[in-house]
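Have the sequence and the model open side by side.

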Amino acid sequence: MDMKKLSLLILPLVLCILAGCGAKVSQARYDYKSQVLSANYDGTYVIRVHIRARNAAIAFTDAQRKAVKEVIFSGVEAASDGVKPLQPILFDMNAERKYEDYFNAFFVDEGEWTKYVSLHDKRTGTTHYKRDGRQMLEVITVSVDRAGLKAKLIADKILVP
């Protein structure tokens, strides 16, 4: 095989490797953690949530649901040095699985969880987004009533005080 034919075989391979064969950019780089922006005296917390969705309506609902789940199960990190990170209400790592029936009913669309969260800032321009293929990365600020959630979980005997 002469060098010209060999270079014609190797050139597409090298170009494919350098170009990444048209690979899509991983969405994993957009998986940011939510952050506590402030705590209020009434037991509510203002949280910045990063969420991917196809449109704004879905993003707002999913961001609120995500914030409530994080407050209950995983906690939320602090956005700055002046704010404390938010500890989860339930420290049991298997709580979501252990009380699966309860939380499946709790987190249905328009379920009980909606009573404990609201959009913090509804003004135009306060939600930021980036387009990523068919999805958008939205940054949404919500308020979560942690004290109310804790009282609800105690009343329903999910959390023992």
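**Around helix H2**

The cover over the buried residues of H2 includes S2, helix H3 (95-98), helix H4 (100-106), strand S4 (117-119), strand S6 (135-145) and helix H5 (146-155). Contact here means heavy atoms within 4.5 Å, and buried means under 20% relative accessible area, with exposed over 50% and partly exposed in between (1.4 Å probe, protein chains only). Helices (H or I, at least four residues) and strands (E, at least two) are DSSP runs, numbered from the N terminus.

This is a predicted model, in which local features need pLDDT of at least 70 and side-chain atom pairs count only at pLDDT 80 or more, while totals for chains, interfaces and linings use all residues. Residues are numbered from 1 along each chain as its sequence is written, and side-chain values use heavy atoms, with hydrogens and water left out.

H2 itself spans residues 56-74; its 19 residues reach 25 Å from the first C-alpha to the last, close to the 27 Å expected at 1.5 Å a residue. That expected span is 1.5 Å times one less than the number of residues. Among the buried residues of H2 are Ala-59, Ala-63, Ala-67, Val-68, Val-71, Ile-72 and Phe-73, and also Gln-64, Arg-65 and Glu-70. At the start of the helix, a side-chain oxygen of Asn-55 comes to within 3.2 Å of the backbone nitrogen of Ala-57. Gly-75 follows H2 and has a positive phi, near 85 degrees.

Helix H5, part of that cover, contains Lys-152. Why does Lys-152 count as buried? Its relative accessibility is 19%, so Lys-152 falls in that class. Leaving aside neighbours within four places in sequence, Lys-152 is in contact with Tyr-102, Phe-106, Glu-112 and Tyr-116.

Next come the strands. Two strands pair if DSSP finds at least two bridges between them. Strand S1 (residues 35-39) runs antiparallel to strand S2 (residues 44-53), joined by four bridges, and parallel to strand S3 (residues 77-78), joined by two bridges. Val-36 stands opposite Ile-47 in S2 and opposite Ala-78 in S3. The hairpin of S1 and S2 has four residues between the strands, and Gly-43 there takes a positive phi near 95 degrees.

For the protein overall, five helices and six strands follow the order α-β-β-α-β-α-α-β-β-β-α from the N terminus. Of the 161 residues, 34% are buried. Among contacts between residues at least 6 apart in sequence, 64% join residues at least 24 apart.

Terms used:
A polar contact is a pair of N or O atoms within 3.5 Å; within protein, one must be able to donate a hydrogen and the other to accept it, and residues adjacent in sequence count only if both atoms are side-chain atoms.
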